[in-house]
Amino acid sequence: MPALTLENIPALKREVRSLAEERDAVILAHNYQVPEIQQVADFVGDSLGLSRQAAATDSSVIAFCGVHFMAETASILSPDKLVLLPDLEAGCSLADSISADQLRDWKARHPGAVVVMYVNTTAEVKAETDYSGSPPSPAPTSSSSPPRPACCTRSSRRTRARASSPPTAPRSAAT
Amino acid sequence: MKMITLPKLRDALNDLEPRVQVDPGLAERARLPIDRMVAIG
């Protein structure tokens, strides 16, 4: 594969757009992607915004320029589409900070708890979750319901900080 | 986030690989919390 240089970027962009049309593909790019990827994308946005685009697209192929959990979310929302992730190693440290086994263990110790997760989670963790979204969307509350513990994904920093402390339930919202 | 490059995107579109697929049963359960949050916000 030839090295990516300033000289061959325009030709690669044309090739990408031509292939996208040929494959009936929509290109979704996270706004953290490098400029040349954003420039060939049909839509650029945050993870939840791109999920909505993935759910709404008529294209048969979704080329997701982001990290693994985002492509998984696109597949969850558009199960009949073929979802491509150009590099399967593209991951997210936040999504890696909690596993489904950890969450199941926490739920077993807190029966009846409501689980609210940032969208940066694996499909397996989402399957154990009650609400999954981004920070601007508040978790629903009801004055008629008694408060119940909620579990949110923890940042790596918080996880590290707790590693040397006695185990406690993850109750506070983070990130 | 910088792992995705134009050559990789070009190859993915050309080869229709690598793919990300979620098991249908798991996807059905994983969709519920997303739909709930979208519905309220």
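Of the 175 residues that make up chain A, 49% count as buried. The model described here is a predicted one.

Chain A contains seven helices and seven strands. Followed along the sequence, these elements come in the order α-β-α-β-α-β-α-β-α-β-α-β-β-α. Among contacts with a separation of 6 or more, 45% are between residues 24 or more positions apart.

The next topic is the interface with chain B. Here 57 residues of chain A are in contact with 35 residues of chain B. Between them the two chains bury about 4,200 Å², and 74% of this buried area lies on carbon and sulfur atoms.

Charged and polar pairs also occur across the interface. Three salt bridges are found between chain B and chain A. In a salt bridge that joins the side chains of A:E128 and B:R29, the distance from N to O is 3.0 Å. Counting polar contacts between chain B and chain A gives 11 residue pairs, with both residues at pLDDT 80 or more.

Which helices of chain B each supply at least two residues of the side that touches chain A? They are α1, residues 6–15, and α2, residues 24–40. Helix α2 of chain B gives the largest share of that side, with 12 residues. By residue type, the side of chain B that touches chain A is made up of 20 nonpolar, four polar and 11 charged residues.

B:R10 belongs to helix α1 of chain B. Is B:R10 buried or exposed? Its relative accessible area is 15%, and a residue counts as buried when this value is under 20%, so B:R10 is buried. The side chain of B:R10 is also in polar contact with the side chain of B:D11, at 2.7 Å.

How values were computed: Residues are numbered from 1 along each chain as its sequence is written. Chains are lettered from A and ligands numbered from 1 in the order in which they are written. This is a predicted model: local features need pLDDT of at least 70, side-chain atom pairs count only at pLDDT 80 or more; totals for chains, interfaces and linings use all residues. Side-chain values use heavy atoms; hydrogens and water are left out. Helices (H or I, at least four residues) and strands (E, at least two) are DSSP runs, numbered from the N terminus. Buried means under 20% relative accessible area, exposed over 50%, partly exposed in between (1.4 Å probe, protein chains only). Contact means heavy atoms within 4.5 Å. Buried area is the accessible area (1.4 Å probe) that two parts lose on being put together, summed over both. A salt bridge is a side-chain nitrogen of Lys or Arg within 4 Å of a carboxyl oxygen of Asp or Glu. A polar contact is a pair of N or O atoms within 3.5 Å; within protein, one must be able to donate a hydrogen and the other to accept it, and residues adjacent in sequence count only if both atoms are side-chain atoms. Ala, Val, Leu, Ile, Met, Phe, Trp, Tyr, Cys and Pro count as nonpolar, Asp, Glu, Lys and Arg as charged, and the others, Gly among them, as polar.
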